[in-house]
Structures are given as structure tokens and as C-alpha cells.
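Please find below a colleague's note on the structure shown here. The numbered points take up the fold, the charged pairs and the pocket in turn.

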Amino acid sequence: MHPLFSETMIRAHERELDRYGRTAHTLRGARRKAAGQEPSVTIRLARPQDGEALARLAQLEGRAQAEATYVVAEVAGSIVAALPLAGGQPLADPFRRTAHLVPLLELRAKQLTSAPPRRKPIAFLGAIRGWSRV
């Protein structure tokens, strides 16, 4: 192979790699920006006006909607997942990424259904005060 031809091929390959490197860097930056602009998630109790959205989720799952109070996950203004407060299987939109929302719904349901911490009886507190005087 002629040395001049070989050198020309090497320089062309270097330019192509350089162009690819700049493009890849730009694409990575665009992906990072897009990842930072994910819509916010709202976890809340279902309202009476959410019945239609819950029915849609149940229909997408191919199940009957239970008559229960739900904790729902709302993304960009639409309900994408729901969990009955009394326990049961979650409802989720199968066409959207919702697997990361189910643990959040379970945690919120647990917070809402757990009993409040018990207070110590006043008599017990009085006994403690009496002991401290001795």
C-alpha cells in the first residue's frame, strides 16, 4: 500500500472518530438533561372523582375493581398505579413504567393504616415522678 494513501486513510479515520466522540458527548448530555426532567410523582388517597381512572386501571389489568379506598400514584396529572388500603393486589398501567411506584404505595398505605403509637398511662408517669423524689 502506498504510504500517502495509508496516511490519508488514517487521518480520515481520526476525523470520523473525533466527530463520533463529539456527537456521543452531546447525546450523553441530552440524556442527562432528559433524565433530570422526569415528571413528579404524587402519592395520595383516591378521591370520589378518581373512580373513572381507577376503573380504567382495573380494565387495563383485566381485573374487577374492588370497592375499597385506594392510595394512588399520580404522574403528570394522571393516575398510573393504585393500591387498596385494606390490602390486595395493586392496579397499574401496563403501558407505563410503574414498578418503582408500588413500594411507595405500599409504604404510604402502611403509614395510613398503622395504629398510632400508644401513650404511657398517666399513673405510670406519676409513679416515675414519685421515684425521682426519693
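**Note on the predicted model**

1. From the N terminus, the elements of the chain follow the order α-β-α-β-β-β-α-α, with 4 helices and 4 strands present. Helices (H or I, at least four residues) and strands (E, at least two) are DSSP runs, numbered from the N terminus. The model is predicted: local features need pLDDT of at least 70 and side-chain atom pairs count only at pLDDT 80 or more, whereas totals for chains, interfaces and linings use all residues. Residues are numbered from 1 along each chain as its sequence is written, and side-chain values use heavy atoms, with hydrogens and water left out.

2. Of the 134 residues in the chain, 20% count as buried; buried means under 20% relative accessible area, exposed over 50%, and partly exposed in between (1.4 Å probe, protein chains only). Among contacts (heavy atoms within 4.5 Å) between residues at least 6 apart in sequence, 55% join residues at least 24 apart.

3. The whole structure contains 5 salt bridges, each defined as a side-chain nitrogen of Lys or Arg within 4 Å of a carboxyl oxygen of Asp or Glu. Arginine 44 pairs with aspartate 50, with 2.7 Å between the closest N and O atoms. Arginine 44 also meets glutamate 74 in a salt bridge (3.1 Å, N to O). This second pair links distant parts of the chain, from strand β1 for arginine 44 to strand β2 (residues 70–75) for glutamate 74, 30 residues apart. Relative accessibility is 12% for arginine 44, which is buried; aspartate 50 is buried at 8% and glutamate 74 is buried at 18%.

4. A further salt bridge joins aspartate 93 to arginine 56, the closest N and O atoms being 3.8 Å apart. The pair links distant parts of the chain: aspartate 93 is in the loop between β4 and α3, and arginine 56 is in helix α2, 37 residues apart. Aspartate 93 is buried at 7% relative accessible area, whereas arginine 56 is partly exposed at 33%.

5. Threonine 98 lies in the loop between β4 (91–92) and α3 (102–113) and is buried, with a relative accessible area of 9%. Beyond its neighbours within four places in sequence, threonine 98 is in contact with Val80, Ala92 and Asp93.

6. Thr98 is also one of the residues that line the largest pocket, among them Glu38, Arg96 and His100. A pocket is an open set of points on a 1 Å grid over the protein atoms alone where a 1.4 Å probe fits, with protein on both sides within 12 Å along at least five of seven lines; lining residues have an atom within 4 Å of a point.
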